[in-house]
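Hi,

Here is the structure I promised to pass on.

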Amino acid sequence: MAKNKKPDRSSRVKSKGDESSTPVQGNDGVLRTNDVVAEHASASDDFVAAMPCNPIKALEYGHDNAVAPPAGEVVEPGSSALTASTATEDTGTAKTGGAAPLGKNANVASLDRVRVDPSNEPLTTNQGVRIGDNQNTLKAGLRGPSLLEDFILREKITHFDHERIPERVVHARGSAAHGYFEAYDTLTQYTRAAPFAEKGKITPVFARFSTVAGERGSKDTARDARGFAVKFYSDEGNWDLVGNNIPVFFIQDAMKFPDLVHALKPEPHHGMPQAASAHDTFWDFVSLMPESTHMLMWVMSDRGIPRSYRMMQGFGVHTFRLVNEQGQSVFCKFHWKPLQGTHSLVWDEAVKISGANPDFHRADLWEAIESGEFPEWELGLQIFTEEQAEGFSFDVLDATKIVPEELVPLTPVGRMVLNRNPDNFFAETEQVAFCTAHIIPGIDFSNDPLLAGRIHSYADTQITRLGGPNFHEIPINSSLASVQNNQRDGMHRQALHRGRVAYEPNSLAGGCPFQAGTSGFVSYPESITGDKVRGKPEKFAEHYAQATLFYESQTAVEKAHIAAAFRFELSKVGIPAIRERMLASLGNVSRELAAEVASGLGMEVPNAMPKAVADPNPPEVSVSPALSLMALPGECGVRTRQIAVLVENGVHHASLVALHAALTEAGAVVHFVGPRVGTFVGTSGEKVEADKSMENSPGFLFDALVVPDGSEAVQALAGNGHTVEFIKDQFRHCKTILVLGAGRKLLEMAGIEPATNQDPGILLAEGVDAAEIATAFIDAVAAHRHPSRDRDPPTK
C-alpha cells in the first residue's frame with residue numbers, strides 16, 4: 001500500500017492562511033504561477049519538444065518499409081510524473097494502492113491474482129457488507145409483506161437472474177483443462193514463434209474440447225465432430241490453435257458457414273433434433289454440397305463417437321504459414337496425436353451411455369486429471385513449401401482436403417500435457433474465448449477462404465457472448481505477455497490506464513507505447529495478382545478423391561461402421577429424394593459403400609451424381625494407413641481404463657485381491673460393482689466394498705469386465721436381472737471379459753459360451769489362478785476392443 005503522503009509542492013510558496021496562487025521565481029529568473037497543473041504543463045513542454053516531428057513518418061511508405069517496419073522512437077521522461085494521469089498518484093489508500101509500475105500491466109499475471117477462497121470469512125454482499133441473515137427476506141412483521149428496501153435479497157436475486165450468458169453458437173458443450181506445451185527442439189529454421197524458440201521451452205496452455213452441434217446442455221456422446229482448441233500463453237502473446245478432431249471441414253468458403261450451421265442445428269419449426277445430424281435439413285444441404293463428402297466420411301466413421309477426449313487426435317484443419325526471423329515462409333499443418341491412442345465407442349454403446357451418463361466425456365477428462373493420470377498429446381507438423389503445394393493434385397487452401405502423410409510426413413515438435421483442472425467451470429471453461437485471429441510472430445495465415453471468415457467470425461461472436469470488446473481482460477483470456485495499447489473504454493473494462501495519452505503517435509507520453517517494428521508481428525509479404533472476383537480455384541472442384549482415400553484406408557470393421565452410420569442417419573431422413581441424392585453422391589466415393597447403405601435402406605443404388613470436374617488430376621495416394629483409428633493404438637496400455645468386477649456375498653475374495661493388485665499396478669481403475677453399493681462378504685468372511693451398482697453404472701460404461709468365482713456369489717448374481725444385460729453389453733461392444741471359475745455359469749446364461757474358443761477377448765481361468773491370468777487380461781484390455789466379435793452391422 002502506498003504511503004499516505006502529500007504531493008511534493010516544494011516549488012510553490014503560499015502565504016500563511018492564503019490558498020491563492022503566488023508568483024514563484026524559477027532558476028531562470030522568470031516568475032511563474034505555483035499552480036500545479038500549469039507547472040506540470042510547463043515541465044511537459046521540454047519533454048514534448050524533444051520530439052519535434054514524427055521521426056518514422058517517412059518510413060511508412062514503400063515495399064521495403066512494409067516488410068521491415070521501423071520501431072517507434074522513444075523519449076525518456078525526466079520524471080515519471082510527466083506521464084502520470086494525476087499528480088496525486090503517490091497519495092494512496094488501501095484501495096488505490098500506489099503508482100502504476102512503469103511499463104507494466106498488473107492485469108497480466110497468473111490466475112492466482114483472481115482466485116478466491118472463503119475460509120474463515122463471513123458471508124457478504126458484492127459491496128463487502130456482512131450479511132447477518134441469509135435465510136429470510138426482510139418483511140413487515142413475521143407474516144407481513146416483503147419490503148422493497150431489502151437490498152440483500154434484491155442483489156442476490158438480480159445477480160442470479162443474470163448469471164447465464166449466451167452460449168456459443170457452435171461448440172457450446174465443452175470441457176477444458178490447464179497444462180503446458182514442451183518443445184522438443186528449436187524450430188528457428190522455420191519459425192520465430194515463441195513456443196518453438198528453444199529446446200525444452202515450456203509454454204502454459206489451456207485446452208478445450210467440445211461437441212459442435214449440440215447446445216450447452218446436450219449429451220457428450222452424440223455423433224459429431226469435436227472441437228480441439230488450445231490457447232498458448234506465450235511470452236510473445238496468446239496464440240490460439242483452434243481446430244477439430246477431424247482434419248477437414250464440410251465447406252470450402254466462409255460464405256457457406258451460416259448455411260451449414262443453420263442446416264445442422266435443430267430444425268427451426270420444432271427445435272429438433274438436439275445434438276444430432278440425422279434429419280432432413282442437414283442431409284438436404286450436404287447432399288447438394290458434394291465438397292462435404294470427405295468430411296461426412298470422417299464424421300460417419302468411428303471418429304464421430306470417440307471413447308474419450310483424451311483419445312482424440314486434433315488438427316488445425318487449415319494450412320498456415322510459418323515465418324522465420326529472416327522473413328522466409330513455409331506452409332504448415334498442425335496435428336495432435338494422443339498418447340492414449342485413438343479409440344472410439346461403438347454406436348450401440350454411445351446411445352446407451354448418453355442415457356446413463358450424458359457427461360461421460362466430461363467426467364472422463366476430469367477424473368483422469370484428478371487422479372494424476374495427465375493426458376498427453378504430441379504435436380506434429382507437416383511442413384512443405386509453396387512450390388511443393390503447387391505440385392499436389394489438390395489445393396492446400398481447400399479446407400476439405402488433407403495433405404496425406406505419404407506426401408508430407410509428420411515432424412514431431414513437442415508435447416502437450418494437461419495437468420490441472422479448472423477451479424471454476426464458468427469463469428474458465430465457459431468464458432474462455434478462442435479466436436483464430438489470435439496468432440503471434442512466426443505464425444501467419446494462408447489464403448484459405450474458410451480461414452479468412454473464421455478470423456473475423458470468432459472474435460466477433462465473443463463480443464456478443466462475453467458482453468463487449470474487453471473479453472481479453474477476463475482472467476482466463478488475459479495474456480502473460482505485456483499488454484500495452486491505446487484501446488480504451490467499452491463494457492467491463494478492468495485496466496486502469498495511467499496517463500492522458502490514448503493515441504499514437506504522441507509526444508506527451510514520450511511516444512509510448514511505441515510501434516515495435518520488426519520485433520513485433522509483421523505479416524508475410526505474399527505477392528498477390530489477379531482480378532477481384534467471387535469464385536474458387538479449379539482444383540477446389542474435385543470433391544471425391546480424398547473421400548475415397550479415407551474409405552479405402554479403413555479396416556473392414558471400420559468400413560462396416562461407416563456404412564451403418566450412413567444407414568442410420570439416412571433412415572431418419574423423411575424425404576426419399578434426399579436419401580437418393582446422398583446415395584448418388586456416395587456412388588462417387590465407393591460403389592461398395594453406396595450399395596451397402598442402399599441395401600440397408602431398401603433402395604436401389606442410383607446413378608452416381610455428376611461431378612463438378614470430369615477429368616480431375618489423379619491422386620498421388622490411394623491408401624493411407626494413418627487415416628485408420630487402428631494406426632494409433634497408444635502408449636499407455638491400460639492406464640485409466642475402467643474395469644468392472646462384479647461382486648456379491650460369497651465371492652472368491654483372494655482372486656479379487658490378486659486382480660486388483662495387478663490392475664492397479666498397471667494403472668487401470670478397478671470398480672467393484674454389485675447389485676447395490678456397499679459392503680459384501682467373501683467366502684471366508686473377508687469384505688469387499690462395491691462403489692457402484694449394476695443399476696447406476698451399467699456394463700457399457702466400463703472398458704472391461706471380470707466375472708467372479710464363488711458359487712454363492714454366482715448364484716445370487718444369476719438371480720439379478722441386471723447381471724445378464726451387464727455381461728451382454730460388454731460382449732456386444734467387443735470388450736475384454738475375464739471369467740473366473742463358477743462365473744462361467746453367468747456367461748452361459750448370457751448365451752456367450754460358444755464364442756469363447758476363438759475369441760481373444762474372452763479369458764477363462766479358475767479363481768485360484770487369477771494372478772497368473774492377470775497379465776494376459778491386461779494385454780487383452782489394452783487392445784481396447786476385439787473387432788472379430790463385432791455385431792454392430794446387421795447380419796446378412
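Trp-336 is buried, as its relative accessible area is 1% (buried is under 20% relative accessible area, exposed over 50%, partly exposed in between, using a 1.4 Å probe and protein chains only). Bear in mind that this is a predicted model, where local features need pLDDT of at least 70, side-chain atom pairs count only at pLDDT 80 or more, and totals for chains, interfaces and linings use all residues. Residues are numbered from 1 along each chain as its sequence is written, and side-chain values use heavy atoms, with hydrogens and water left out.

Back to the rings: two of them (Phe, Tyr or the six-membered ring of Trp) pair if their centres lie within 6.5 Å, with planes under 30 degrees apart counting as stacked, over 60 as edge-to-face and the rest as tilted. That rule gives 25 aromatic pairs. In one of them, Phe-232 and Trp-336 have ring centres 6.3 Å apart and planes at 20°, so they are stacked. Phe-232 is in strand E5 and Trp-336 in strand E9, 104 residues apart (strands are DSSP runs of at least two residues, helices, H or I, of at least four, numbered from the N terminus). Phe-232 is buried too, at 0%. Both rings belong to one aromatic cluster, whose members include Phe-181, Trp-239 and Tyr-309.

Helix H6 (residues 293-300) is also worth a look: eight of its eight residues are buried. Those residues, among them Trp-298, pack against helices including H5 and H12 (contact means heavy atoms within 4.5 Å).

Cheers
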